[in-house]
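Please work through the following exercises with the sequence and the coordinates open beside you. Each task is followed by a solution that goes step by step.

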Amino acid sequence: MPRRLVTPRKAVLTAALSGLALLGGSVLGPARATPPATPVGAAAWLADPLAPPHPVTATPARVAAFFAGLAPADATALARRFPQITGNLDGVPTELRYLANRLDHPEAADRQILGYDDRADGRIIEVLGDLDTADRVVILVPGVDTDLARFDTGLGGVQRRAPAWQARQLHDRVRAGDPGARVAVVAWLGYDPPEGIGRDAVREDRAAAGALALQRFTDGLALGHTDRSIVVAGHSYGSTVAGLAAHGLPAQVTDIVALGSPGMGVPDRTGLHTGARVWACASPGDWIRRVPGMRILGLGHGRLPSDPEFGALPLPCDDVDGHDGYFEPHTRALQALADLAATLPDSDAR
């Protein structure tokens, strides 16, 4: 159990919480159990700390500025007292988020967890590599039927479908090619994907909510790292999330990749309104190729990015097996992703 705070430190902590509340309607919530009034948006945010906060709550930049103004001991005290909130808050220093999630979920103590919520289908964000020193960060966004219970094992117990396994394959391949590469890979289950190939999967409600969360997450990654570049790689419905997020991603997102994509919510690459390079591939045996590339009355996700008329740059995936094999070690697709991850955009030739 965390140690109890002595009175002077408790006063500092309460003042810190109050200050963060004033930044934008309370992100961490009230410091006392029965406050005289709850700031706007606090209850909703506390109910779902991994979801995009209420519009009046603090941005990652303001959260980062708030924590930068705290004494290290007081920042640590916040993480210890409010691990679920601090561990899921974009803008909080990386090591504090790791600490908070280790405290809140001891079973994951040997992993770098940047977000964790075990309610309902659950959400989790895991980092491989040194996120604070990385010049290049790759964010993997999974698709339909991915939840906390399947994050490590994959749908149906099929390992290659597991986001944690996919991230390890990519990180290991990058390190094998260049042990000194300062690359971090993030398995980002920071949204609630649809369950099964039903109505939710052909609509974009879940993707739109995920896009807001992804924009906020990438904003947090870009803070204080002006020379960092970011790759967003979405698999299946995760590419729809990436597509809807594209226009609002920071300029440091230089590459967006669509793997086995049912569509990115637009008719072609220009509709993404991004300066990032857009890459796509779908394996010859991927059932996603049979999905109609259209969008009618809110159903469907537009032209398949693997269609040459979409205008994306091609990634090789002729040796990929089915819809879930893009991260298997033997594939050219995994090697192409590793090359993209390890190559800074200003030195990369198309």
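The exercises below concern a predicted model.

**Exercise 1.** Determine how many helices and strands the protein chain has, and which strands are the edge strands of the sheet.

*Solution.* Begin with the inventory, which gives 11 helices and 8 strands for the protein chain. Next, follow the pairing across the open sheet, where the 8 strands take the order 1-2-4-3-5-6-7-8 with mixed pairing. Finally, look for strands that pair on one side only, which are strand 1 (112–117) and strand 8 (313–314), the edge strands.

**Exercise 2.** Describe how strand 3 is joined to strand 5, and find which helices lie across or pack on this part of the sheet.

*Solution.* Take the strands to start with: residues 136–141 form strand 3 and residues 229–235 form strand 5, and the two run parallel, joined by 6 bridges. Within this pairing, Leu 140 stands opposite Ala 233 of strand 5. Then turn to helix 11 (residues 332–342), which packs on the sheet and touches strand 3, strand 4 (183–189), strand 5, strand 6 and strand 7 (277–281), its direction making about 170° with that of strand 6. Helix 10 (residues 237–245) lies across strand 3, strand 5 and strand 6 (253–259), and runs at about 135° to strand 5.

Notes:
Residues numbered from 1 in each chain as written. Predicted model: local features only at pLDDT ≥ 70, side-chain atom pairs only at ≥ 80, totals over all residues. Heavy atoms only, no water. Pairing = 2+ DSSP bridges. Helix = DSSP H or I, 4+ residues; strand = E, 2+ residues; numbered from the N terminus. Contact = heavy atoms within 4.5 Å. Axes fitted to C-alpha atoms, helices over the stretch in contact; angles between N-to-C directions.
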